Amino acid sequence: MNAPHNAIPQAGLVYGKSLRKSRITAGFSLRELARKAGISASFLSDIELGRRYPSRKTHRKLREKLGRHAEMVYAIRSCPTCGRKMNI
């Protein structure tokens, strides 16, 4: 049996931190960006905290709403440790 894979949660944290930094830099509250992106504030909070990872569609919506500040947000498409594909 394989050991737990810790890199994916870590990748979620990196994504979430970059998203939060971009949101704050853009001047959006968590609720405001969530509303503009068509997701719940609790889901956006979970993304920023690394608990959940957005779909490609949600990732694109968030980047679109952040405009020029979205440069800081990048999607991690594979695990930095093993290269396993992720769901984005």
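Predicted model: local features only at pLDDT ≥ 70, side-chain atom pairs only at ≥ 80, totals over all residues.
## Salt bridges

The structure has four salt bridges. One of them joins Lys65 to Glu64, with 3.4 Å between the closest N and O atoms.

In the bridge between Asp46 and Arg51, the closest N and O atoms are 3.0 Å apart. The bridge between Asp46 and Arg52 has an N to O distance of 4.0 Å.

## Exposure within the network

Asp46 is buried, because its relative accessibility of 17% falls under the 20% limit. Arg51 has a relative accessibility of 59% and so counts as exposed. Arg52, with 43% relative accessibility, counts as partly exposed.

## The aromatic pair

A pair of aromatic rings is described by two values, the distance of the centres and the angle of the planes. This structure holds one aromatic pair. The pair is formed by Tyr15 and Tyr53, whose ring centres lie 4.9 Å apart. Their planes meet at 55 degrees, so the pair is tilted; an angle under 30 degrees would count as stacked and one over 60 as edge-to-face.

Distant parts of the chain are linked by this pair, as the two residues are 38 residues apart. Tyr15 belongs to helix α1, which covers residues 7-26. Tyr53 sits in the loop between α3 (41-48) and α4. Tyr15 is buried, with a relative accessibility of 0%. Tyr53 is partly exposed, its relative accessible area being 22%.

## A positive patch on the surface

Where do Arg56, Lys57, Arg60 and Lys61 gather? These residues form a patch of positive charge on the surface. Arg60, one of the members of the patch, is found in helix α4, which runs over residues 56-66.

Arg60 has a relative accessibility of 52%. Residues over 50% count as exposed, and Arg60 is therefore placed in that class.

Note on methods
Residues numbered from 1 in each chain as written. Heavy atoms only, no water. Patch = residues over 30% accessible without salt bridge, like charges linked within 9 Å, V, L, I, M, F, W, Y side chains within 5 Å. Areas by Shrake-Rupley, 256 points an atom, 1.4 Å probe, with all protein chains shown as cover. Salt bridge = Lys/Arg side-chain N within 4 Å of Asp/Glu carboxyl O. Lys, Arg positive; Asp, Glu negative; His and termini not counted. Charge placed at Lys NZ, Arg CZ, Asp CG, Glu CD. Helix = DSSP H or I, 4+ residues; strand = E, 2+ residues; numbered from the N terminus. Buried < 20%, exposed > 50% of the residue type's maximum accessible area, 1.4 Å probe, protein only. Phe/Tyr/Trp six-rings, centres within 6.5 Å; stacked < 30°, edge-to-face > 60°.
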